[in-house]
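Please read the following note with the sequence and the model open beside it. The points run from the whole chain to single residues.

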Amino acid sequence: MSQPAAPARAALPRSVLRAMNPAALRRRASGAPLVLSLMAAAVAVVVCCPLVFVVMQAGQSGWDSVRRLLGRPLVTTLLWHTLELTVTVTAATLLIGFCAAFLTQRTDIPGRRVFTVLLAMPLAVPEFVHGYCWVSLFPSVQGFWGAVLVMTTSLYPLVFLPVAATLRRSDAATEEVARSLGHSRWRVLWRVTLPQTRPALAGGALLVSLYLLGEYGAFAMVRYTTFATAIYTQFETSFDTVSASVLALVLIVLAVLVTGAEAGAGRRRGRGVRVVREGAAARPADPLALGRGRIPALLGLAAVVGTTLGVPVYALGYWLAKGNSSTLPSASIWTATATTAGYALVTAAVATAAAVPVALLAWRHPGHASEGIVRLAYLTRALPGIAVALAVVFFAIRYAQPWYQQPPMLVAGYVVLFFPLALTAVRASLAHVPHGVEDVARSLGRRRLAVLGRVTLPLIAPGLAASFAMVALTASTELTATLLLHPTGTETLATRFWSYTTGLAYGAAAPYAAMMTVLSVPAVVLLTRRTLGPARSLKEEA
């Protein structure tokens, strides 16, 4: 933290000067408060319960049986399917996400603001609804390439948004220096601009990969078998939790490898990259004149929007207009909507509140322990919803019997599933808060709790809002865990949608899919504004 000038220092109280001293800051950071450590540890224990459950269940039959189960040819096939799909979809989302972000943030292509919003909107459509839309219109969308198409069109915004935010906030001075040295625009793009976005690309790739490892509904739609679908089948057909847990162990190992690769990419992030912080004076890059390439670029963005957003919108409109005939009894869509919104809002509040102590511990006291807690939290995102749901049922029956098949069980499953999303948003917001702010406030006689409530939380309020929106968005569309954990007689939009689609009643399922999409739009808009910030004026962009 930089020291204030001599006249300014003379005007400050001595207690404030002592708090701002770097040595004092290091002493304060040397030991984490006991209450904060206990709260973060308690959250970590709850979030990691599914990992403990999977290991316990897999070990029930002995590790010799585990090795025998893992040696089956089916496991090799599942591993190849999962890895092949993860690599292909991640590469495709990185390519589409970076190109779309570059065109909308760094070129003179018309309609950049409109395209920015439209390119983020596929997040409002759940992955299994994407699969339903494609399969209901084009039954040939099946197998590996069907899964690639559905998941790429669903997940590329996870790369597009962080890359666009990085390009929007990065300082153009480095690129201008490179161009002044005679480098072509393409060389500057490859040697300067791309390294600037490496952290965002790595983070987006991590999220995409973890989503792919745990996804079930979309793959069931296109009839493509992965570890997640095999785990669900093992439990649904034979209630074989041991075999399902053994397969989930493989997913955990894959998640460890993915998070380790992302951490390695983080250590190799480009040096000398200047990124403008919020509130600082930005030096926007001059828009790249596309010239003759403007028409192909426009057609490319239009094709992406038409494929990723146009197909779902058309499919939902088509089936809504065609009718809702079904052999299943009708149910009130408004009751399901109210139930879904209630669970989503409660889950978002609990997950965001739980993420605060973990994020604060990692921010105030970085080290192996706090970083280990964060990494463990991310591992649960790779588990399919059925594994998390089984873990919640296991611990509820043994330690919380009154909550069995009650609303708290479903909320607990949602919180465990989506806690990594909340933690990501809160940590990103804390990264913009100077470390000395809390110490200065405490030096003025404020208690830790008062500093948290009056200083830290207001500063990270945008991150808390982003966390709330992200968790509410994903919780309102969760399918697999909901099928197992929802209380008897309670239906959400996702469970009603799934009941109709399994009977091929596409028209009857359309209203529920449309309502899930409508509920998700405000969260996506908030997330887009939080990630990219308010749009700059044309004068500033020029």
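The numbered points below describe the fold, its core and a selection of residues.

1. Basis of the note. This is a predicted model, in which local features need pLDDT of at least 70, side-chain atom pairs count only at pLDDT 80 or more, and totals for chains, interfaces and linings use all residues. Residues are numbered from 1 along each chain as its sequence is written, and side-chain values use heavy atoms, with hydrogens and water left out.

2. Overall make-up. The protein has 29 helices and 0 strands. Here helices (H or I, at least four residues) and strands (E, at least two) are DSSP runs, numbered from the N terminus. Of the 542 residues, 53% are buried. A residue is called buried under 20% relative accessible area, exposed over 50%, and partly exposed in between, with a 1.4 Å probe and protein chains only.

3. The accessible surface is about 24500 Å², and carbon and sulfur atoms contribute 65% of it. Such areas come from the Shrake-Rupley method with a 1.4 Å probe; for residues, only the protein chains shown count as cover. Among contacts with a separation of 6 or more, 84% join residues 24 or more positions apart. Contact means heavy atoms within 4.5 Å.

4. The nonpolar core. Which residues touch the most other members of the largest nonpolar core? They are Val129, Tyr132, Phe419 and Phe497, in a core of 162 residues. A nonpolar core is a set of buried Ala, Val, Leu, Ile, Met, Phe, Trp, Tyr and Cys residues joined through side-chain atoms within 4.5 Å. Tyr132 illustrates this well: beyond its neighbours within four places in sequence, its contacts include Met221, Leu316, Trp319, Phe497 and Tyr506. As a general background, nonpolar side chains tend to be buried together in soluble globular proteins.

5. Cysteines. The whole structure contains 0 disulfides, a disulfide being a pair of cysteine sulfur atoms within 2.5 Å.

6. Helix H6. Within helix H6 (residues 63-70), Ser65, Val66 and Leu69 are buried. Seen down the axis of H6, these buried residues fall within an arc of 105 degrees, so they line one face of the helix. The arc is that of the directions from the helix axis to the C-beta atoms. Asp64, Arg67 and Arg68 are exposed on the other side of H6. An α-helix has 3.6 residues a turn, so residues three or four places apart point the same way.

7. Helix H20. The 12 residues of helix H20 (residues 368-379) should span 16 Å at 1.5 Å a residue, and the end C-alpha atoms are 16 Å apart, which agrees. The expected span is 1.5 Å times one less than the number of residues. Buried residues of H20 include Ser370, Ile373, Val374 and Ala377.

8. Gln105 lies in helix H7 (residues 73-106). Is Gln105 buried or exposed? Gln105 is buried, since its relative accessible area is 9%, and it touches Thr116, Ala164, Leu167 and Arg168, apart from residues up to four places away in sequence. Leu94 also belongs to H7, but is partly exposed, with a relative accessible area of 26%. Leu94 and Leu158 are 64 residues apart in sequence, while their C-alpha atoms are 9.2 Å apart in space.

9. Ala389. This residue sits in helix H21 (residues 385-399) and is buried, at 0% relative accessibility. Beyond its neighbours within four places in sequence, Ala389 is in contact with Ala481, Leu484 and Leu485. Ala389 and Met409 are 20 residues apart in sequence, and their C-alpha atoms are 8.8 Å apart.

10. Two loop residues. Thr492 lies in the loop between helix H26 (480-485) and helix H27 (493-502). Thr492 is buried, with a relative accessible area of 4%, and its contacts, not counting residues up to four places away in sequence, are Ala336, Thr339, Thr340 and Thr482. Arg223 is in the loop between helix H15 (217-222) and helix H16 (227-238). Arg223 is exposed, at 67% relative accessibility, and has a positive phi of about 60 degrees although it is not a glycine.
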